[in-house]
Amino acid sequence: MIPGGVSGAPALAVGGACLFLLLSAIWAHYRFADFDRLPRQFGFTLKPNSYAPAWVMVWLLPGFLMATLVFVLVLPAFVSPAHINGAPELGPILASAIVVGAQVFTLLLLYRWANWQG
């Protein structure tokens with residue numbers, strides 16, 4: 001069941017972003033299958049500062065991002081219109097674009113690190 005007011009372009013943007021996140025997680029699962037641990041944090045020089053189990057970077061991060069997008073999508077349906085400033089449709093669309101960009105950047109860093117490892 002979709003809450004009232006959750007439809008159109010924002011739902012399409014969030015759905016597309018969630019699909020991308022799921023497909024990128026599947027790709028990362030196979031691409032980084034040889035590694036038990038992956039970098040989870042990079043410094044300003046783009047060198048790894050700390051590592052996490054591979055499942056955290058491959059599955060937990062996209063799952064958390066998907067949950068955040070769904071939260072941003074349905075939140076305006078539960079907040080009174082008097083407390084919303086601006087267009088509530090714009091938030092999920094911008095959040096979707098930002099989350100996809102963050103996932104692409106993360107995967108790029110992990111891909112580059114994996115190529116350095118051999």
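I began with Phe 32 and noted that it is buried, its relative accessible area being 2%; the model I am reading is a predicted one. Its partner in an edge-to-face aromatic pair is Trp 27, and for these two rings I recorded 5.9 Å centre to centre and 80 degrees between the planes.

**Aromatic pairs**

I then searched the whole structure for aromatic pairs, and the search gave four. Besides Trp 27 with Phe 32, which is edge-to-face, I looked at Tyr 51 and Trp 113, whose ring centres are 6.0 Å apart with the planes at 55 degrees, so I wrote this pair down as tilted. Tyr 51 lies in strand β2 (residues 48-53) and Trp 113 in helix α3, so that the pair links distant parts of the chain, 62 residues apart. On accessibility, I have Tyr 51 as partly exposed at 36%, whereas Trp 113 is buried at 7%.

**Nonpolar cores**

Which residues touch the most other members of the largest nonpolar core? I listed Ala 28, Phe 32, Phe 35, Leu 38, Leu 110, Trp 113 and Ala 114, out of 13 residues in that core. At least two residues of this core come from each of β1 (37-42), α2 and α3, and α3 gives the most, with five residues. For Phe 35, I set aside the neighbours within four places in sequence and found contacts with Ala 54, Trp 113, Ala 114 and Gln 117. There is also a second, separate core of nine residues, and I noted Ala 17, Cys 18, Leu 21 and Leu 65 among them.

**Helix α1**

Last, I went through helix α1, which covers residues 9-31 and so has 23 residues. From its first C-alpha to its last the helix reaches 32 Å, close to the 33 Å expected at 1.5 Å a residue. I marked Pro 10, Val 14, Ala 17, Cys 18, Leu 21, Ser 24, Ala 25 and Ala 28 as its buried residues. Residues three or four places apart on an α-helix point the same way, because there are 3.6 residues a turn. Against what do the buried residues of α1 pack? I found that they pack against α2 (54-78) and α3 (90-117).

Technical notes: Residues numbered from 1 in each chain as written. Predicted model: local features only at pLDDT ≥ 70, side-chain atom pairs only at ≥ 80, totals over all residues. Heavy atoms only, no water. Helix = DSSP H or I, 4+ residues; strand = E, 2+ residues; numbered from the N terminus. Expected span 1.5 Å × (residues − 1). Buried < 20%, exposed > 50% of the residue type's maximum accessible area, 1.4 Å probe, protein only. Contact = heavy atoms within 4.5 Å. Core = buried A, V, L, I, M, F, W, Y, C linked by side-chain atoms within 4.5 Å. Phe/Tyr/Trp six-rings, centres within 6.5 Å; stacked < 30°, edge-to-face > 60°.
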